[in-house]
Amino acid sequence: MSELISATQPMRRVWSSMEPDPRALAADIPPNVLVHLTELAAQRGIACDTWFAGLGITRQQINDPSVRISYRQARSVLWRGLKAMGDPALGLQIGRSQTVGSFGLLGLAMMTSRNFGEAMSVGIANHKVSGSLLDADFVVIDTQTVALQAWPRFGEVELLPFMCEEMFASSFALARELVGPGLHLVRLELTYAAPAYARDYSAVFQCDVRFGAQYNRILVDARWLDHPLPGYNPLTSKQALALCHQQLRGTTGSDEIVGSVERLLRSRLREHPRLTEVARTLHLSERSLRRRLAESGRIFREIHDRVRAERALELLHAGKMSVAQIGIELGFSDPREFRRAFKRWTGMPPQLARRSMPT
């Protein structure tokens, strides 16, 4: 872990020049991942109370189902925990050990869905209820393949392997519990470089694993979507979903529009969408969209720049695309224009940012 921390110091400087996202300070995340991490630490006889020092929360408080933490608090505890436990593969271990019960109300809503496709949609649409630290979406790859795709909520790079491991391993474990051991993944794709324990991925996911990819996602054969679930119960499913939605309403508020804009921009970065086009897609007038963003303390250009900067850093970290290709992916036809924009976002040129990233 000390080598990992040392290697990520230059990466911290890349982000220090960017304005922090105020949503990272909002206490709206269930601390599920921290509960799993601290329980594993207890099993190994490792004290973890000090991981919470100076954060305004305690080890005991995260076991309260009404407690919500901020992304900043979660990130700090995770970083301290990984350092203290000295086991870089913790994300895989925590993820693969989870069950339907680990997902609480969301697990119940998925288990009682009509089929696997419906359960997958319910899980992705409500993933924040279970304390997910990544944003996720359902993606149709082609007529034969669909995917659960995830990306860092605030451009996280340092803890991205842990977060992807935990989300994808737990999702795979849950999917197999729902439909049976016959479910096999088509492929797992990850944007970061292969870690020293890359063989563990093959053991957990039992499929082709590709590091340095363009996206973080697990691909599934689309034929599984119609697979009926034995626990289907329409009444229980509606009740559980209603409670999930109630919890989500308590954490979104005016920032919901920011998330909608970000998701739309991420899916259309190559097209370089303007405010007018985004407003039209969201069925709002340009004036209404500006007003709602202002209520969240945001402006469209700042959101667009941040989404592009985060995607640029993700692709630079993947290491498979040239700077010019990344610029095209982000909607820049001129590589020089992309280089100038990237330096404005992060304070350094993209080539230097790539060399500063952990490998």
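**View 1. Strands S1 and S2 form a hairpin with four residues between them.** The structure shown is a predicted model, in which local features need pLDDT of at least 70 and side-chain atom pairs count only at pLDDT 80 or more, while totals for chains, interfaces and linings use all residues. Residues are numbered from 1 along each chain as its sequence is written, and side-chain values use heavy atoms, with hydrogens and water left out. Strands here are DSSP runs of E with at least two residues, helices are runs of H or I with at least four, and both are numbered from the N terminus. Two strands count as paired if DSSP finds at least two bridges between them. S1 covers residues 134-140 and S2 covers residues 145-152. The two run antiparallel and are joined by seven bridges.

**View 2. Strand S2 is largely enclosed by the rest of the structure.** Is S2 buried or exposed? Eight of its eight residues are buried, where buried means under 20% relative accessible area, exposed means over 50%, and partly exposed lies in between (1.4 Å probe, protein chains only). Thr145, Ala147, Gln149 and Trp151 point one way from the strand. Val146, Leu148, Ala150 and Pro152 point the other way.

**View 3. Strand S5 pairs with S2 and also with S3.** S5 spans residues 216-221. S2 and S5 run antiparallel, with six bridges between them. Threonine 145 stands opposite aspartate 221, and alanine 150 stands opposite asparagine 216. Strand S3 (residues 185-189) pairs with S5 over four bridges, again in the antiparallel sense. Here the bridge partner of arginine 187 is leucine 219. Six of the six residues of S5 are buried, so this strand is largely enclosed by the rest of the structure. Asn216, Ile218 and Val220 cover one side, and Arg217, Leu219 and Asp221 the other.

**View 4. The largest nonpolar core holds 80 residues.** A nonpolar core is a set of buried Ala, Val, Leu, Ile, Met, Phe, Trp, Tyr and Cys residues joined through side-chain atoms within 4.5 Å. In soluble globular proteins, nonpolar side chains tend to be buried together. Which members touch the most other members? They are Phe116, Phe168, Leu188, Leu190, Tyr201 and Phe205. Helix H7 (residues 160-179) supplies the largest share of this core, with twelve residues. Apart from it lies another core, of 16 residues, including Leu313, Leu330, Phe332 and Phe338.

**View 5. Phenylalanine 116 and its contacts.** Contact means heavy atoms within 4.5 Å. Leaving aside neighbours within four places in sequence, phenylalanine 116 is in contact with Ala175, Val179, Leu183, Val220, Trp224, Leu225, His227 and Leu229.

**View 6. The largest cavity has a volume of about 410 Å³.** A cavity is a set of points, on a 1 Å grid over the protein atoms alone, where a 1.4 Å probe fits but cannot get out; lining residues have an atom within 4 Å of a point. Grid points are joined across faces, edges and corners, and the volume is the space filled by probe spheres set on the points. How many cavities of 30 Å³ or more does a search of the whole structure find? There are two. The largest is lined by 28 residues, and Phe103, Leu148, Met167, Ser171 and Leu174 lie nearest its centre. H7 gives the most to this lining, with seven residues.

View 7. A disulfide is a pair of cysteine sulfur atoms within 2.5 Å, and a search of the whole structure finds zero of them. Cysteine 164 is buried, with a relative accessible area of 1%. Cysteine 207 counts as buried too, at 14%.

**View 8. Asparagine 126 lies in the loop between H6 and S1.** This residue is buried, with a relative accessible area of 3%. Not counting residues up to four places away in sequence, asparagine 126 touches Leu106, Leu241, Cys244, His245 and Leu248.

**View 9. Threonine 281 is found in helix H11 (residues 275-281).** Threonine 281 is partly exposed, with a relative accessible area of 38%. Leu264 and Arg268 are touched by this threonine, not counting residues up to four places away in sequence.

Key: On a 1 Å grid over the protein atoms alone, a cavity is a set of points where a 1.4 Å probe fits but cannot get out, and a pocket is an open set with protein on both sides within 12 Å along at least five of seven lines; lining residues have an atom within 4 Å of a point.
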